[in-house]
Amino acid sequence: MDLARYADLFRTESREHLAEIDAALLALEKDGDIAGVTVLFRSTHTIKGMAASMGYRAVEQISHALETLLDAMRSGARGVDANVIALLFDGSDALAQAVEDAVAGRSESSNNVDALVQRLASAVEPITKRSGREPNRRPSGTHRAIASDSNESIFPDANVEKPSAPALAASLPQELQRLDTTGSTPDRTLASPVKNIEVKLSPDAALKGVRALIVLAKLEALGSVRSMEPAQHTWNDDRFDGTMNLALETAADDAKIEAGIRSAGDVARVTIKSNATRRVERETLRHVRIDLRRLDTLLDLVGELVITRDRLIRAADMLPEASGIRGNGEGGSADRTNPGRGLASVVHDTARLVSALQEEVLRTRMVPVGQVFDRFPRLVRDLARDLGKEVTFVMEGREIELDRSLLDAIGDPIVHLLRNAIDHGVETAEARRNKSKTGSGKLVLRAARDRAAVLVQVEDDGGGIDRDAVLARAKAEGIVDADITSLTDEGLLKVLSRAGFSTAAAVTAVSGRGVGIDVVASRVRALGGALEMTSVRGQGTTFTLRLPVTLAIVRALLVRVGNETYALPSAHVLEALEYEADSLLSLRGQETVTLRDDVIPLLRLRPRFGLPSIDDEGTHLVLVEASGRRTALQVDSLIGQQDVVVKPYDAVQDAENLFTGATILGDGTPALIVDL
């Protein structure tokens, strides 16, 4: 059996345990709660067991050394202090790197591993010499016996040589290769009773799927496995909890069966029932791990299907009498006397099913933002220590879901904003106390829903942005007019977002909080979102990333401007109405329209897109809201709403950023998606 195919699963599970280790270390450092050592020990212990099964020597060595130190801390023989916590952080970093190197096939420097192992061992040696015992060492060849509901693992003794991957594979009999995906085996003629067997693996067993295969092989040596639940092909699922129910036709007695199963290792409980007729009911597995590339391919196919659906609807509606059936929702049988009506009915039923499929596919890509947020507490902790600042980090809205592709893309912008907040926003403890603030600054990373968008905010209670300094430098560089006396939040963000903007006051050549804001703004715009900012001098600053829920398929209002069709994201559209000339006003040189006693700025898209103006008669207005402001867009005509598949859009070099993407309409023509 080739264990290399489990490498990605090993990396995924190891990353989850490493995230738990970092979280527990941060809690231990903050609260000094010794109970967190148990979590650290359990996660490290699990990684060690998985690494041993996979044959990853460096990972096993580092995790074993960490486990030894944690065992001493757990027993109270080693106290918790700043030095040992710093050492554990170093060990966690090295363990994470070793996992990545092992899966990638890179050889870790033995000198680096040995040096770290020696540092970890040195933290335990004084205890060992005083107590005359070696921590975490048990008689050779034994296992720890635990109750079935215990949280501790059943693993072989740490000093027993672990079987290599080839040895583990060789322990499986040849019959295992003949098992099919349903879990059935070749039939045997045995006049033996059938026994129902329930096997429960240890909760912390490493690579439960591999261990289950070994249990199956042991049972195959004793008789014929007639059925198994769950099926064998689900054992590699991350939701497989290690519980198996098997029907074994065998002449062996119960003691021999149990001994054979337990010899597979990591078995917590074995229950054998003879002549049992009741089948044990188990909850159906509801989650599976899916390669993201497969989801991307599936999403592309659904996108093409949506385009084809719209073309089919247009073609059906053009048939005689077909439009009368549009949207009836009855889904009846085809009308033999009127082919147009029958076709339209089938087409719109198909459209309904495609829409349902589209929604489900999009939901498969939605993941909680906590998967990205969870790596930031460690970053904040390390940077705050490096800068000598006290920072309390709070995360909110971790359960908010976002498209996986978006989630991967926003990681770097958030890192940049967090670093800026700590470096340029939060003051030192002494400076804060001089301003009658608490010594520890507060940094909040928040996710929240806002209609069809997701807001990700980075908020601090630091000193805010020095607008006067930014304005003075902006005037010196000719970015703003000399008669400007103050900058609004929007104007301030525009200045800070200019590439290369700097002030003489900044040691890093980028003053205030302008470091890298241009990079953040560009990345967010490329994702179809917007960057917003509010800042109050002396009170703090908040950056807001306004992001679409998904990048794949969006609802849009199609409008005509000149000879071209453009798409306006429906999430920003409030209403559409006919243009009335008597509603036009001019305030301070800005064209506005009055709508129900509200005065709203008017933006004519024809001149904005470089097209000649036309008579206003017969045109329409689309009232949109973006970045907290409402604007009336004048368009030539309205076409209608539909789902559009967002395609990448590469603008001409040095062109204005007017569009966020492109799409293909139902008639096969392209359309640009306007960046509102």
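Predicted model: local features only at pLDDT ≥ 70, side-chain atom pairs only at ≥ 80, totals over all residues.
Q: Why does the pair of Y566 and F609 tie together parts that are apart in sequence?
A: Y566 belongs to strand β13, residues 564–569. F609 sits in the loop between α20 (605–608) and β18 (620–626). The two parts are 43 residues apart in sequence, so the pair ties them together.

Q: Is Y566 buried or exposed? And F609, buried or exposed?
A: Read the relative accessibility against the cut-off: buried means under 20%. Y566 has 9%, so Y566 counts as buried. F609 has 18% and therefore also counts as buried.

Q: Which other ring forms an aromatic pair with F609?
A: F659 does. The pair of F609 and F659 is tilted, at 5.5 Å centre to centre and 45° between the planes. This pair links distant parts of the chain. F609 is in the loop between α20 and β18, while F659 is in strand β21, residues 659–664. They are 50 residues apart.

Q: Is F659 buried or exposed?
A: Its relative accessible area is 16%, so F659 is buried.

Q: What do the ring pairs link into a cluster?
A: Y566, F609 and F659.

Q: Which residues lie over the face of F41 and of F89?
A: Here the distance runs to the ring centre. R74 lies over the face of F41, at 3.8 Å from the ring centre. R381 lies over the face of F89, at 3.7 Å from the ring centre.

Q: Where is the place of L587, and what does L587 touch?
A: Start with the element, then the contacts. L587 is in strand β15, residues 584–587. Leaving aside residues up to four places away in sequence, L587 touches T592 and V599. At 43% relative accessibility, L587 counts as partly exposed.

Q: How many residues apart in sequence are L587 and P601?
A: They are 14 residues apart in sequence. In space, the C-alpha to C-alpha distance is 9.2 Å.

How values were computed
Residues numbered from 1 in each chain as written. Heavy atoms only, no water. Helix = DSSP H or I, 4+ residues; strand = E, 2+ residues; numbered from the N terminus. Buried < 20%, exposed > 50% of the residue type's maximum accessible area, 1.4 Å probe, protein only. Phe/Tyr/Trp six-rings, centres within 6.5 Å; stacked < 30°, edge-to-face > 60°. Lys NZ or Arg CZ within 6 Å of the ring centre and 35° of its normal. Contact = heavy atoms within 4.5 Å.
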